[in-house]
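Student: I have a model open on my screen and I'd like to learn how to read it. Can you walk me through some features?

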Amino acid sequence: MWLFEVSCVLYLAAVCAAQTVSSPTQTQAVTTTPIVPPKPELKTQWLDVFAYEKVTFRCTISESLDRTFVWKRDGTEITTGSDPSLSLTEDGSVLTITATPLHAGSYSCSVRSKNVEGPSSESLTLNVNPNKPKPTIRRSSNYDEMFPGESISFTCSIEVSTGWEYLWYHNGQKMDTNGNTYPISTINDSNKGQYHCKASRGSFYTDNSDSTSLKVSNPPSPVLKHQNPWLDVFEGETLEFRCEVEGTGWTYIWFRDKHQLQNGPNIDEDKGILNIGSVSQTDAGNYMCKAQIISRGVITEFSNSASVIVYKTIPTPTLSKVPAFDKMYFGEMATFTCKVDVATGWTYWWYLDGTQYRDDKEGKEEILSLGPSDAGDYTCKATRGKISTVFSDKITQVVVEPPVPALKNVTQWLDVFPTENVTFSCVMPENSPWTYLWFKDMVQIQAGQDWSFNPNGALTIASASAKHGGKYTCRRQLQDRAVISNASSPLTLRVYDQKPTVSLTRAPALDVMFPGEQVTFSCNIGSSSGWEYLWYKNSIPVKASERSYSINLSGAADSGPYTCQAKRGSNAVFTTDSSQVSQLQVKEIPVPDLDRDSQWPDVFLTESVKLKCGMKTHSELWTYTWYKDSQVIEASNHVSFDEDRTTLSISSASPEHSGSYRCSGKLKRGLVNSTSSSELRLKPREIPVPVLDRVTPWPDVFPNETVKLRCGMKTDSKLWTYTWYKDSDVIKASNHVSFDEDRTTLSISFASSKHNGSYRCSGNLKYRYVSSTSSSELPLEVYDEKPKVTLIREPDYDQMHTGDSVSFTCHVNVSSGWEYEWHKGESLFPTSGNQHKIESVQKKDSGSYTCRVKRGLKSIFYSRSQPSVINVEERPQASLVLLTGWSEVFSTDSLVLKCEVMESQDNWNYTWYKEETKIADSHSEKHTVTPQNDPDQSHYVCEGNRVGRPSYSKKSDSFKTKNLLLKRRVLLSISGCLFFGIIGVFLGCIILRVFRKPASNDDKNEEDNLFLTMAQQKGCDAPCPLAVYITDASLNAPAKEGDENGTICSETTPLPITTQEDQAVTPDSQETTETNGGLLSFQK
């Protein structure tokens, strides 16, 4: 314990000593070496600013001290309390200024620490622009108008200061982009409008730039003008067109029937001029133009069109006359008109009785006062440039004096009573529309209260009196013509007293009338004149006093019963009885109904069309006006109307008849018009062209073969029936030609040469007079006889040998679509093509071969070839034999093989094969095998060849060789052993005979039989031991394992032994063969 206490005391003492030593050193450093703050670094983003833009100065030092930042402008310390535009962060290192021109100057900062101020930073000079900047907007293209598909780019820039971000506005709406460039790659209509930009930096924004306007409009439409006074021309005349469009920089493209014309000497693409120097039929068509600016890729739509008509023949002028009277009277005026309906710009030449007397441009000849010299035959002709017509038909003009009228008393008496009606009639012997002039006592009578005139040539005295007495005459004046006749013979009138009766008439006397019409009631008295009339409706007086009462109908309120009375006199009024009642019925104007007068909704080109317009009631009272696309329709070549224009008929519909049709009614008797009917849309369709196909798939046929052709439309074929033609002649059904229900299919049951030709068809719309153009032609060829079928054999040998290859080809000389049948004798082969091949014939393939062709499904057409006979014999067999005998084994190390063709006396060459590979340069009947050319065991085959037939034999059986050298050594060893063994036996026998004792007869006999004599051996059937060894079957057997056969069986080249060699080693062989290896006795 005490040791621990001592250690603690020593430690504390050491600590105290250390503190005591260091304290005087520290005190001395503070008092003698003050700390100077480092030089700060002053930073800001930009020094060129604008009024009211915020600027931030940042003062930084690298050391961490207890310090205060001092800010100065132009060397004067800045205090933030007196200037609200200045602010400092909490640590004073960041000065923020909301700039005004007063804040411009050189700014710096320093650090003050413990009353010691360090060096100032590098100063930064702040420039304050008093005005906000205004960006400048520029565009890449300065065209006044841009066209859809072009591109443009806007650029916004500020030349003062940096660090700007840009804001873009389109029609006052901010766009989502902030770069100084705003590109538009493909202009469309939505891009048009006003564009401006402005810039921002921090929270400061510049003023808006000036706006620039982007105008986007479609390219202007070019205007096509023809420079000639006419568009209907004749061949050889000239034409010139000019294409004009607003603006500059355009070039021009010309079109005829919407097909572009190639530039040439007749086209000035820069000036837009097309000049056709000599018009031909190919120049007819609809001309249009387009304008383009190639550099901008802009092209306009088509211009208006100009339809050029080119006439082949020069027309004949038509001569007419107004008035169109054959006979005219002295003093009248006549106007002749010469007109050419085709083309314009004509000059007309006038002839009277064949003599030319004037020309003019209008085609009119006026004769103000006809006289006797003006009578005759009038003709005319027309010229235009170099074109001159033939003479018109003549008009014969007759000029005579006016006839004298006859005056008649229509009332049949000339003495009348007061108030009686008197009527005179002035009659002209001619039926021309004459008007009348009346005279009493040679004084002309004017229509008035005392006299009235009838349009039919009557003078009426409504109420006769004494003053009406006198002599009456008349003259006639031709209506609308300045012709007055001489006076008629006179009639004298006398007046008496009589009471008249009253009758009420209505004009027009119709059961039904409509608003807008006028009706006139007339109150008629049977005699006399001078009557005053009283009018009543529903028995209520009406303010009217004339004999006629006219009402302009306004509606159904004008309907009702009307009556009249007549009165005359002022003091003693004489009133007649009331007239009969006239019932007037007024109905509202109906709206016509427009319907198509056909049971089918569609119309084809050239088809007739009828549209029917009519009122539901009283349709017979109306006539109708027709409109197409709001234009009034007039009668023309293909458009006509019935009597009341109730039906519009189009005799041959064409594309120009497409449109919206409507009609309105007009009363026949007045100016009342109905509103228009509902619209009916008419659009003629193109007449389709039928398609002609073969049902029978081949274009050429043979006698009695069936043919089918099908004609049909691609769509709605069942609505059509068809007409068939062969070489432009209409085909009718006959014994061998028939059609199906709609004549869609033409069937020829038994074709013959008369059916040769080109077939086509045309369609006829069922129940309608619509016919199509003809289809394209389809040729049909009918041969005079059946096709020739040829059987071709390759090779063409009648005698064949087994193993040969033969191919038969069935050939038809014409047409196609054949199927083939193959026959051997009467047997049918499954082969279906035009070839039958036997890869390796056998004897069973001998026989007669034919082929037959057929085509068609229902009616099958056959034709058979001539027979082809082949005879197949067995191919000769090659045989391979071994020629090397066993006696030669000891003297040679090779084998000789021989090949021969059995049962053949012909000369053959031979081909040798080793292991199925042909041996080169070996063509003789013999082949030698040595250990050098056959070190391994191999199979040999041979084959005979020659020039004649058969050209080769069957291959021989396979022959397999063995190791000749080994077998030879084995045979030599065995032969040596046998040889020395025999010598030893002989020597032993000699020694025994010399040294042995004589034996008994029995022993002698055994000794005598020890060896066979030559005679005994020849008569013995037992084989020679060597022959037994050599012909042992085991030597020719396959090699076995070493443990079974010993070392001899392991040799790789066994000695071949054939059965023929075995036959050679027999007791019947030659003497040398007999003794080979045999143990022969020396006994004879």
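Tutor: We'll go through strands, salt bridges, loops and a surface patch, one at a time.

Student: Before that, what kind of model is this?

Tutor: This is a predicted model, where local features need pLDDT of at least 70, side-chain atom pairs count only at pLDDT 80 or more, and totals for chains, interfaces and linings use all residues. Residues are numbered from 1 along each chain as its sequence is written, and side-chain values use heavy atoms, with hydrogens and water left out.

Student: Okay, strands. How do I read strand pairing?

Tutor: Strands of a sheet pair through backbone hydrogen bonds, either parallel or antiparallel. Helices (H or I, at least four residues) and strands (E, at least two) are DSSP runs, numbered from the N terminus. Two strands pair if DSSP finds at least two bridges between them.

Student: In which order do the strands S48, S49 and S52 sit in their open sheet?

Tutor: The order is S48-S49-S52, and these 3 strands pair in the antiparallel sense. S48 (502-507) and S52 (548-552) are the edge strands with a single partner each, so one side of each has no neighbour in the sheet. On average, neighbouring strands here are turned by 15° against each other, direction ignored (axes are lines fitted to C-alpha atoms, for helices over the stretch in contact, and angles run from 0 to 180 degrees between N-to-C directions). Between S49 (residues 518-525) and S52 you'll find 5 bridges, and Ser522 has Ser548 in S52 as its bridge partner.

Student: Which strands does S27 pair with?

Tutor: Strand S23 (residues 251-256) pairs with S27 in the antiparallel sense over 6 bridges, with Trp254 opposite Cys289. Strand S29 (residues 306-311) is also antiparallel to S27, over 3 bridges, and there Tyr287 has Ala306 as its bridge partner. Then 2 bridges join S27 to the antiparallel strand S28 (residues 298-299), where Gln292 stands opposite Ile299. S27 and S28 form a hairpin with 4 residues between them, and Gly297 in the turn has a positive phi of about 70°.

Student: Now salt bridges. How many does the structure hold?

Tutor: A salt bridge is a side-chain nitrogen of Lys or Arg within 4 Å of a carboxyl oxygen of Asp or Glu. The structure holds 28 of them. Take Glu237 and Arg384, whose closest N and O atoms are 2.5 Å apart. This pair links distant parts of the chain, 147 residues apart: Glu237 is in the loop between S21 (232-234) and S22 (239-244), and Arg384 is in strand S36 (residues 376-384). Both Glu237 and Arg384 are buried.

Student: How do I read a loop residue, say Glu915?

Tutor: Ask where it sits and what it touches; contact means heavy atoms within 4.5 Å. Glu915 lies in the loop between S84 (909-914) and S85 (917-918), and is partly exposed at 41% relative accessible area. Leaving aside neighbours within four places in sequence, Glu915 contacts Gln937, Ser938 and His939.

Student: Last one: which residues make the nonpolar surface patch?

Tutor: Phe979, Phe980, Ile983, Leu987, Ile990, Ile991, Val994 and Phe995 make a patch of about 880 Å². Patches are made of residues with over 30% relative accessible area and no salt bridge: like charges are joined within 9 Å, nonpolar side chains (Val, Leu, Ile, Met, Phe, Trp, Tyr) within 5 Å. Areas come from the Shrake-Rupley method with a 1.4 Å probe; for residues, only the protein chains shown count as cover. Leu987 is in helix H2 (residues 964-995).

Conventions: Buried < 20%, exposed > 50% of the residue type's maximum accessible area, 1.4 Å probe, protein only.
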